[in-house]
Amino acid sequence: MTATQIRFVKQNLPHAIAAGAAFAMNPIVILAQAALESGWGESRLAKEAKNFFGLMAYGCSNEFWQGKKFQAGNSPDSMKFRLYMKTENSFMDFARLIRNKYRSAWQMSDKPEAYAKEIAYSMYITELNGDNRELYRKSVVSCAGTIRAIVELIADWG
(Lines give C-alpha, C1' and ligand atoms only; values in the text may rest on other atoms or scores of the structure.)
Protein backbone atom coordinates (compact mmCIF):
# COMPACT_ATOMS: atom_id res chain seq x y z
CA MET A 1 0.00 0.00 0.00
CA THR A 2 1.15 3.50 -0.77
CA ALA A 3 0.69 6.91 0.84
CA THR A 4 -1.62 7.84 -2.06
CA GLN A 5 -3.79 4.78 -1.42
CA ILE A 6 -3.98 5.47 2.32
CA ARG A 7 -4.89 9.13 1.70
CA PHE A 8 -7.54 8.08 -0.84
CA VAL A 9 -9.19 5.69 1.63
CA LYS A 10 -9.07 8.18 4.51
CA GLN A 11 -10.63 10.93 2.36
CA ASN A 12 -13.28 8.83 0.63
CA LEU A 13 -14.30 6.09 3.03
CA PRO A 14 -16.97 8.37 4.59
CA HIS A 15 -18.47 8.94 1.11
CA ALA A 16 -18.49 5.19 0.38
CA ILE A 17 -20.08 4.48 3.76
CA ALA A 18 -22.81 7.09 3.16
CA ALA A 19 -23.52 5.76 -0.35
CA GLY A 20 -23.48 2.18 0.93
CA ALA A 21 -25.96 3.03 3.67
CA ALA A 22 -28.25 4.93 1.29
CA PHE A 23 -28.32 2.18 -1.36
CA ALA A 24 -27.66 -0.99 0.66
CA MET A 25 -24.22 -1.64 -0.83
CA ASN A 26 -20.92 -2.73 0.64
CA PRO A 27 -18.78 0.43 0.93
CA ILE A 28 -15.63 -1.59 0.25
CA VAL A 29 -16.76 -2.46 -3.30
CA ILE A 30 -17.87 1.13 -3.90
CA LEU A 31 -14.47 2.40 -2.80
CA ALA A 32 -12.66 -0.33 -4.76
CA GLN A 33 -14.37 0.67 -7.96
CA ALA A 34 -13.69 4.35 -7.26
CA ALA A 35 -10.01 3.56 -6.68
CA LEU A 36 -9.79 1.61 -9.92
CA GLU A 37 -11.71 4.10 -12.07
CA SER A 38 -9.97 7.19 -10.68
CA GLY A 39 -6.42 5.89 -10.24
CA TRP A 40 -6.78 6.18 -6.46
CA GLY A 41 -8.19 9.69 -6.87
CA GLU A 42 -5.34 10.94 -9.04
CA SER A 43 -7.17 11.14 -12.39
CA ARG A 44 -8.01 14.46 -13.96
CA LEU A 45 -11.67 13.48 -13.95
CA ALA A 46 -11.63 12.87 -10.19
CA LYS A 47 -9.69 16.05 -9.43
CA GLU A 48 -11.50 18.46 -11.76
CA ALA A 49 -14.99 16.98 -12.05
CA LYS A 50 -15.25 15.09 -8.73
CA ASN A 51 -16.21 12.08 -10.89
CA PHE A 52 -14.57 9.02 -9.33
CA PHE A 53 -16.31 6.40 -11.49
CA GLY A 54 -15.98 7.65 -15.06
CA LEU A 55 -19.73 8.10 -15.39
CA MET A 56 -20.65 9.59 -18.75
CA ALA A 57 -22.83 12.71 -19.00
CA TYR A 58 -25.96 11.19 -20.45
CA GLY A 59 -29.27 10.31 -18.97
CA CYS A 60 -31.55 12.40 -16.83
CA SER A 61 -30.25 14.59 -14.07
CA ASN A 62 -31.07 13.41 -10.56
CA GLU A 63 -30.64 14.52 -6.98
CA PHE A 64 -26.89 13.82 -7.13
CA TRP A 65 -26.07 15.00 -10.67
CA GLN A 66 -27.57 18.25 -11.91
CA GLY A 67 -26.75 17.66 -15.58
CA LYS A 68 -23.44 19.55 -15.65
CA LYS A 69 -20.82 18.16 -18.02
CA PHE A 70 -17.04 17.88 -18.06
CA GLN A 71 -15.41 17.60 -21.48
CA ALA A 72 -12.39 15.29 -21.41
CA GLY A 73 -10.59 16.75 -24.42
CA ASN A 74 -10.38 19.93 -26.44
CA SER A 75 -12.18 18.77 -29.57
CA PRO A 76 -15.96 19.23 -29.89
CA ASP A 77 -16.45 15.46 -30.16
CA SER A 78 -14.50 14.68 -26.97
CA MET A 79 -16.26 12.47 -24.46
CA LYS A 80 -18.36 14.25 -21.87
CA PHE A 81 -18.53 13.04 -18.29
CA ARG A 82 -20.70 13.92 -15.34
CA LEU A 83 -19.47 16.91 -13.37
CA TYR A 84 -20.34 16.82 -9.68
CA MET A 85 -20.49 19.70 -7.24
CA LYS A 86 -19.41 17.51 -4.31
CA THR A 87 -17.35 14.32 -4.13
CA GLU A 88 -20.06 12.64 -2.09
CA ASN A 89 -22.50 13.12 -4.99
CA SER A 90 -20.26 11.05 -7.26
CA PHE A 91 -20.36 8.16 -4.77
CA MET A 92 -24.11 8.47 -4.23
CA ASP A 93 -24.85 8.65 -7.97
CA PHE A 94 -22.69 5.59 -8.60
CA ALA A 95 -24.38 3.51 -5.88
CA ARG A 96 -27.79 4.64 -7.19
CA LEU A 97 -26.81 3.54 -10.70
CA ILE A 98 -25.57 0.13 -9.57
CA ARG A 99 -28.70 -0.55 -7.52
CA ASN A 100 -31.05 0.55 -10.30
CA LYS A 101 -29.31 -0.69 -13.46
CA TYR A 102 -26.94 -3.48 -12.40
CA ARG A 103 -29.06 -5.41 -9.90
CA SER A 104 -27.16 -8.69 -10.20
CA ALA A 105 -23.91 -6.92 -9.19
CA TRP A 106 -25.71 -4.91 -6.50
CA GLN A 107 -27.08 -8.11 -4.97
CA MET A 108 -23.52 -9.46 -4.68
CA SER A 109 -21.93 -6.37 -3.15
CA ASP A 110 -21.37 -8.09 0.21
CA LYS A 111 -19.11 -10.57 -1.59
CA PRO A 112 -16.41 -8.49 -3.35
CA GLU A 113 -15.20 -11.31 -5.61
CA ALA A 114 -18.72 -12.16 -6.76
CA TYR A 115 -19.53 -8.46 -7.19
CA ALA A 116 -16.37 -7.93 -9.25
CA LYS A 117 -17.34 -10.76 -11.59
CA GLU A 118 -20.91 -9.51 -11.98
CA ILE A 119 -19.89 -5.90 -12.71
CA ALA A 120 -17.00 -6.86 -14.98
CA TYR A 121 -19.20 -9.07 -17.14
CA SER A 122 -22.13 -6.64 -17.24
CA MET A 123 -22.93 -3.83 -19.65
CA TYR A 124 -21.11 -1.47 -17.23
CA ILE A 125 -17.93 -2.49 -19.05
CA THR A 126 -17.78 -1.69 -22.74
CA GLU A 127 -15.41 -3.90 -24.68
CA LEU A 128 -15.90 -1.55 -27.63
CA ASN A 129 -13.75 0.95 -25.70
CA GLY A 130 -11.04 -1.67 -25.32
CA ASP A 131 -11.97 -2.71 -21.78
CA ASN A 132 -10.73 -6.11 -20.68
CA ARG A 133 -13.42 -7.70 -18.52
CA GLU A 134 -11.19 -10.23 -16.77
CA LEU A 135 -8.51 -7.66 -15.99
CA TYR A 136 -11.22 -5.33 -14.66
CA ARG A 137 -12.58 -8.12 -12.42
CA LYS A 138 -9.14 -8.90 -11.03
CA SER A 139 -8.42 -5.20 -10.49
CA VAL A 140 -11.64 -4.63 -8.50
CA VAL A 141 -10.77 -7.63 -6.29
CA SER A 142 -7.22 -6.37 -5.80
CA CYS A 143 -8.38 -2.84 -4.92
CA ALA A 144 -10.93 -4.25 -2.46
CA GLY A 145 -8.17 -6.24 -0.73
CA THR A 146 -5.93 -3.20 -0.47
CA ILE A 147 -8.79 -1.09 0.87
CA ARG A 148 -9.68 -3.71 3.50
CA ALA A 149 -6.04 -3.74 4.65
CA ILE A 150 -5.95 0.06 4.85
CA VAL A 151 -9.24 0.21 6.77
CA GLU A 152 -7.84 -2.32 9.27
CA LEU A 153 -4.62 -0.31 9.57
CA ILE A 154 -6.54 2.91 10.17
CA ALA A 155 -8.69 1.16 12.80
CA ASP A 156 -5.55 -0.11 14.54
CA TRP A 157 -4.14 3.45 14.66
CA GLY A 158 -7.35 4.37 16.51
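Colleague: How many of the 12 residues of α2 are buried?

Modeller: 9 of the 12, so α2 is mostly covered. Buried means under 20% relative accessible area, with a 1.4 Å probe and protein chains only. This is a predicted model: local features need pLDDT of at least 70, side-chain atom pairs count only at 80 or more, and totals for chains, interfaces and linings use all residues. Residues are numbered from 1 along each chain, and side-chain values use heavy atoms, without hydrogens and water.

Colleague: Which residues of α2 are buried?

Modeller: I28, V29, I30, L31, A32, Q33, A34, A35 and S38.

Colleague: What do they pack against?

Modeller: α1, α3 (44–49), α4 (87–101), α6 (112–120) and α7 (133–157). Helices here are DSSP runs of H or I, at least four residues, numbered from the N terminus.

Colleague: New topic. Where does N26 lie?

Modeller: In the loop between α1 (3–23) and α2 (27–38). N26 is buried, at 12% relative accessible area.

Colleague: What does a side-chain oxygen of N26 reach at the start of α2?

Modeller: The backbone nitrogen of I28, to within 2.8 Å. The side chain of N26 also has a polar atom 3.1 Å from the backbone oxygen of S109.

Colleague: Which residues is N26 in contact with, leaving aside neighbours within four places in sequence?

Modeller: S109, D110 and P112. Contact means heavy atoms within 4.5 Å.

Colleague: And what follows α2?

Modeller: G39, with a positive phi near 60 degrees.

Technical notes. Helices (H or I, at least four residues) and strands (E, at least two) are DSSP runs, numbered from the N terminus. Buried means under 20% relative accessible area, exposed over 50%, partly exposed in between (1.4 Å probe, protein chains only). A polar contact is a pair of N or O atoms within 3.5 Å; within protein, one must be able to donate a hydrogen and the other to accept it, and residues adjacent in sequence count only if both atoms are side-chain atoms.
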